[in-house]
Each structure stands twice: as structure tokens, then as C-alpha cells.
Amino acid sequence: MIKLFPKTPEILQPNQYIVFKGKPGEDFPDFIQVDKPYIVEYTKQITFARSFIFPSGEKKTLSLANDSDYENYFNLFPTMKDSLYEILVGLKGGKNMLVFIQWPTERYPFELESPHIHVDLDSTITRMVSPITVDRSPADEPRLRIHTLKDLTEMYFQLYNNGPDYEKLVFKFLVNKCKIRAVEKMPERYRVIEGLSILLR
Amino acid sequence: MPSIVITGDESTKEVFDTPYDKIGKITFIEVDNQSASAVTVTLQDVFTPFATDETPSPSEVTRNRKQFTVGAGEEKSWEDKTKSIEILGTCKLAFSTTSSDIKVTVGYDFE
């Protein structure tokens, strides 16, 4: 569901297929069938932007889920069972801003296997583990891709200003809203969408 | 790219508001001081930061980004020295002395 690519990935198109991989009943909402093919019936692209001005050395965790408190929630989850949001996330502005992905709450899935290095914002070294930055996913060439579904386990962005002065970070989202439908026959070609258990493995 | 002429007849004048999803850049500044005394012009950036864990109720912040001093009857311009200046919120000019004979032209852009 969350991947960082070396270059901008292709977005899903109508008549392409996807298969959800992971633990049934755990990684995805109950209405999603794991290891079964889904066809993308149609797509619609929505652009969205958020910006934040942060003081030096300060942090805030913001949810990608939906809530009327749209200052602190990005509202990037579908509300329909047959919707899949494929989101490209690009960053602009503050070159010293670090964005950490938490999924689920307070868990950093992008870590090394070593027990000695974990994401920890209190240390200059441990805050260098897997932050997304303007260089790694620039707004004009986004490389971070996230998939969301209705009722999926909540994801978070933790923002931290690693620079000496105030910084403004702009998020540019391209939301590829896909209407999906389960089909019986497994196609020859399909794209895999991996669940949380695979990411945390 | 846009530019605007600001008259230094008040202690502080607004130049532009940076759009929500942009960062302001100063492309050049020209100060024409035909008043009777030298003036120091301060380029300010005024904004309210986002509420963080450490500062849950932030207040408005004014950051001085650059100062320019021009003697009486002089005209000066800056271009290379302004290009690295970033404006996150509202761009303002603060004048050490006020006069309608002080004109400042600010060139700017948004990225």
C-alpha cells in the first residue's frame, strides 16, 4: 500500500487488474478479497495540496484518514467500498523538512532489521532512517505512492523540521480515484497491492 | 513576473501575500530615496506557523529577511542578493524613516 520508487510510477488505468496480497481479515477491510483479481473499471484524477510552516526542531503527526478537522486530517481515504485511492505524494519547499510514515499508530514500517537503529527524532542519526524529503519525492516527479481503501487501518505522516529556521513544506497530491470490481478469472497481468503484514515483515 | 512600487510614507507597508501552496521569491529590489535623510528598508516575512506538539497555539511571527540602506538622494538596486530570499507568508517592507519621496520597487515570483 505504501512504496517509494526511484522514479514516478505509472498510475492505474481503466481495464487494468489488481490483486491484494496479505493476511485475509487483517491487512484489508472485510469487504476486500485477498488473492482475488479486481478490475479497474474507471478512474478519475483529483489534485490536492496542503502546506505547513514549521518552526525549527518541532514535529506534528497528521492522519491521512477522514475527519471534519481537516487541519489535522488529510481526508485521503475513500468512503465507498468499491473505491481505491492511488495517491502520488510530491513535496515542495522546505528542504530540511522530514516526513516519516507511521502505519499503524506510532509504528514506523520503514526500518532496517538491526535492533540498534530505529526511527527516533531525538537523535540526529536515528532521524535519518527513511524520512521522505523534497529530494526523494519532489512535487514535479512524485515517487511516493500510497493506496487507501475505506476502513483501512489509519496511516499517518509525522512532520519534523530538521533545519535551523522556519520552513514551509507543500504537499502536492495526485489522487487517482479508481472504481474497482472483483472478477472471477485471474488475468495474465496484474498489479499487486501489498498489505500491512507484508510491509511489517 | 510581477513587480510593485511601494511608497515609504508609512512605517510598514504590505508588498504581497504568498499563496497557500507556494513560496515567494524576491527577484529584485530597487530603492529610490529622494527624501532628505538616509533610509533603511527591512524586508519582512510575516506568517503564523502550524500548530506542533511543542507549540500547540502558535502566534504570528515576523522574520526580517534582508536590510537595505540607501543615502539621501540616492538610488540603488539589488538583484543577485535577493534571489535566495524566501517568503513563506506575507511580504512587508519596514521603513526606518517615512517619506512619500521614498519609492521601493519589488520584483517577486512564486514557486
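A:Gln102 sits in strand 6 of chain A, residues 97-102; strands (E, at least two residues) and helices (H or I, at least four) are DSSP runs numbered from the N terminus. This is a predicted model, where local features need pLDDT of at least 70 and side-chain atom pairs count only at pLDDT 80 or more, while totals for chains, interfaces and linings use all residues. Residues are numbered from 1 along each chain as its sequence is written, chains are lettered from A and ligands numbered from 1 in the order written, and side-chain values use heavy atoms, without hydrogens and water.

Is A:Gln102 buried or exposed? Its relative accessible area is 4%, so A:Gln102 is buried; buried means under 20%, exposed over 50%, partly exposed in between, with a 1.4 Å probe and protein chains only. Beyond four places in sequence, A:Gln102 has contacts (heavy atoms within 4.5 Å) that include A:Thr61, A:Tyr108 and A:Tyr156.

Next, A:Tyr156, in strand 8 of chain A. A:Tyr156 is buried too, at 14% relative accessible area. A:Tyr156 and A:Thr61 are 95 residues apart in sequence, but their C-alpha atoms are 6.5 Å apart. Among the other contacts of A:Tyr156 beyond four places are A:Leu62, A:Phe100 and A:Pro104.

Now the cores: a nonpolar core is a set of buried Ala, Val, Leu, Ile, Met, Phe, Trp, Tyr and Cys residues joined through side-chain atoms within 4.5 Å. The largest has 46 residues, and A:Phe20, A:Phe157 and A:Phe171 have the most contacts inside it. Strand 9 of chain A gives this core its largest share, six residues. A separate core of 21 residues includes B:Ile26 and B:Phe95.
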